[in-house]
Amino acid sequence: MDACLTVEREVDKVLGKFNVVNNYADKETDLLLQNLQEIQEELMQCPTEEEIGSQHMSLLKDLMKKVKDITTKISSDHKELHSSVSKVGKAIDKNFYSDLSSMSEDPTMDAPEKIKLINEVICEHFLRHGMLDIADSLTVDAGLDLENQMKEPFIEINHILSALKEKNLQPALQWTFLHRERLEAQRSSLEFKLHRLKFIELLKGGPEKQLEALVYSRNFAPFAERHEQELQILMGSLLFVRQGLENSPYVHLLDPVSWLEIGDIFTRDACSLLGLSIDSPLSVSLNAGCAAIPALHNIKHVMQQRQCTGVWCSNDELPIEIDLGNEYRYHSLFACPILRQQSTENNPAMRLACGHAISRDSLNKLSNGNKIKCPYCPIESSPSEAKQLYF
Ligand SMILES: [Zn+2]
């Protein structure tokens, strides 16, 4: 963040200089043009056969000198700007890492099946964002075999979202009507909110639409119980249609933010109905990676300084724990209470016969012949009785 602020300060300086130079150039060129026009008009008025008088000559000479001086000044100002602009470049180089090659030595992603997975994730990202033609091209180029079944939900969601952006509620209403029971089961208020928007749009139409709005309010019947209070507000607003909602206590109903929100609510509820995450796996990985890079870069630097680069050689684990916050916490992790290590595929959590859990490495280390004494309760059991735990 500090890096961004430092660069922003440099950018602000440059913008400030740009403004000064721009204002000066605009003002001076306008003045010059005006002078030139004046002298041109004056010359036009002179009879053609007459030679240009000495007064005009000296005026012209003065003006030419002025033009030359000002253009030289503008061009030197322009040259100075170059150095300010290059300062921004230097600030970026100084404050941001440009060489991240040390972060990507890891060959984890090189295997063909991993590359295929990455391509699939990128393809899904395009599908989610409605860039269907790009997703199709990538499918062909990368030799992916994405089934139409995978594409269809995204095509539908995008179609509905683009209609919502154009304030067309119909496709979304049809979709929610078809999935009403399942939406209801996940306590979604999407359908109610769509009807609410439609109702408000009718109210905006003024007194001519009042009756239509009243008739439309029948659509609220299935939601009467859950949204009683909101419905009371909507019905109350009907009284103010004649004087206009914008002059009534119900002016908040017209807030355009409702249209922005409805897109988000639709995406959230539709994704959860289809068993998809709200954000695409690609953006989640990218954001998590960006958040983790400074910490990884620092530790790599320290390792290089202390000449212990070999420490970070494991492909599937990081040298330090990086906390990305709750947003990026998806499932439980197991850390072995004995070795204080996070469990991995090769060193999973094992449940002993007594019910306590330790990692497989600890189990192997603590086993004595065919017996292991639990480090928590003194119950002895056989290591073969221990069962792998799955989180
Ligand atoms: Zn135990």
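How many salt bridges does a search of the whole structure find? The search finds ten salt bridges, a salt bridge being a side-chain nitrogen of Lys or Arg within 4 Å of a carboxyl oxygen of Asp or Glu. This is a predicted model, in which local features need pLDDT of at least 70 and side-chain atom pairs count only at pLDDT 80 or more, while totals for chains, interfaces and linings use all residues. Residues are numbered from 1 along each chain as its sequence is written, and side-chain values use heavy atoms, with hydrogens and water left out.

**View 1. Salt bridges of Lys-65 with Asp-69 and of Lys-73 with Asp-77.** The side chains of Lys-65 and Asp-69 come together at 3.3 Å, N to O. These two residues are four apart in helix H2 (residues 54–95), so about one helical turn separates them. Helices (H or I, at least four residues) and strands (E, at least two) are DSSP runs, numbered from the N terminus. Lys-65 is exposed at 54% relative accessibility, and Asp-69 is partly exposed at 42%. Here buried means under 20% relative accessible area, exposed over 50%, and partly exposed in between (1.4 Å probe, protein chains only). Lys-73 and Asp-77 are also joined at 3.3 Å, N to O, and both lie in helix H2, four residues apart. Lys-73 is partly exposed, at 37%, whereas Asp-77 is buried, at 12%.

**View 2. The salt bridge between Asp-323 and Arg-329.** The closest N and O atoms of this pair are 2.7 Å apart. Asp-323 counts as exposed, with 60% relative accessibility.

**View 3. Ser-188 in the loop between helix H7 (180–185) and helix H8 (190–204).** Ser-188 is buried, at 10% relative accessibility. A polar atom of the Ser-188 side chain lies 3.1 Å from the backbone nitrogen of Leu-190. Leaving aside residues up to four places away in sequence, Ser-188 touches Leu-183, Arg-226 and Asp-269, where contact means heavy atoms within 4.5 Å.

View 4. Cys-271 is buried, with a relative accessible area of 4%. Cys-374 is buried as well, at 5%.

Definitions and conventions: A polar contact is a pair of N or O atoms within 3.5 Å; within protein, one must be able to donate a hydrogen and the other to accept it, and residues adjacent in sequence count only if both atoms are side-chain atoms.
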